[in-house]
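The following exercises concern one protein model.

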Amino acid sequence: MDSKTVEFIIVTILIVVVLVGINWYKFVKSKQVKEVKPAKQPTLDAPQGREEDSGKVIRAAKSFASRNGYEVIVPGKIAHGTAVADFDVIVVGTFGVLAVRSVGYYGQVYGNEKDEKWVQTTSKGRVEFKNPLNQAEAEARLVREVLFDNKIKSVPVEAVCVFPNNATELIVPRSTPVHRLKDFSAMLLKDKYTDDKKVDIDAVTKALSAALEK
């Protein structure tokens, strides 16, 4: 084998090695996943959509009250001292008092029953808000205090939170006591809301109506 042939073979081998190296480099780079940092969401000043669908909840409560001869207070903004219970509707029946807060937030809602704050995220941004369950229960205590001040005792007072917007993505544990509109309507069919616990509907309605925020 002459020198030119040897030189040709060596050059050919070098070219093949270089080409293989280039292709391997491209292959490795194509398999690498670049880290993409999610864009930071802007912080919103307040939750979005609070009043949007409250009418659906109010209508469901009114229909339930009408069927059973109960009274409704709309809106249920009961003042006691410097505090105000901000319920959308309050139903007064023989079973007691059902105070309902409509949470018409849209987008995604994250929370846990024991969390102090919940989070709403939308295409516009992100915002933290008070746990609606804690807030509703605190305001239910205010309703009880109004009744107690009017010498009306032993009246069951229950507060519930309803998310009426079907498009809202509720990301909460299954055991969290929040309701969709459909769940709320089904809840009202339970026997506990038709039980006769000897509640004086007129007296309770009068006391709560007198305490409405001016």
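**Exercise 1. Determine the strand order of the open sheet and identify its edge strands.**

Step 1. Strands are DSSP runs of E with at least two residues, and helices are runs of H or I with at least four residues, both numbered from the N terminus. Two strands pair if DSSP finds at least two bridges between them.

Step 2. In this predicted model, the open sheet has 5 strands in the order E1-E4-E5-E9-E11, and the pairing is mixed. Strand E1 (71–73) and strand E11 (179–180) each pair on one side only, which makes them the edge strands.

Step 3. E11 joins strand E9 (residues 157–163) in the parallel sense, over 2 bridges. Within E11, His179 is the bridge partner of Val162.

Conventions: residues are numbered from 1 along each chain as its sequence is written, and side-chain values use heavy atoms, leaving out hydrogens and water. Local features need pLDDT of at least 70 and side-chain atom pairs count only at pLDDT 80 or more, while totals for chains, interfaces and linings use all residues.

**Exercise 2. Check the span of helix H2 and find which of its residues are buried.**

Step 1. The expected span is 1.5 Å times one less than the number of residues.

Step 2. Buried means under 20% relative accessible area, exposed over 50%, and partly exposed in between (1.4 Å probe, protein chains only). The buried residues of H2 are Ser54, Val57, Ile58, Ala60, Ala61, Phe64 and Ala65.

Step 3. These buried residues fall within an arc of 160° seen down the axis of H2, so they line one face of the helix; the arc is taken from the directions from the helix axis to the C-beta atoms. On the other side of H2, Arg59, Ser66 and Arg67 are exposed.

Step 4. The buried residues pack against E1, E4, E5, E9 and helix H4 (181–187), where contact means heavy atoms within 4.5 Å.

**Exercise 3. Locate Lys151 and Ser154, and decide whether each is buried or exposed.**

Step 1. Lys151 is found in the loop between helix H3 (132–149) and E9. Ser154 has its place in the loop between H3 and E9.

Step 2. Phi of Lys151 is positive, near 60°, in a residue other than glycine. Ser154, not a glycine, has a positive phi of about 60°.

Step 3. Lys151 counts as exposed because its relative accessibility is 73%. Ser154 counts as exposed because its relative accessibility is 74%.
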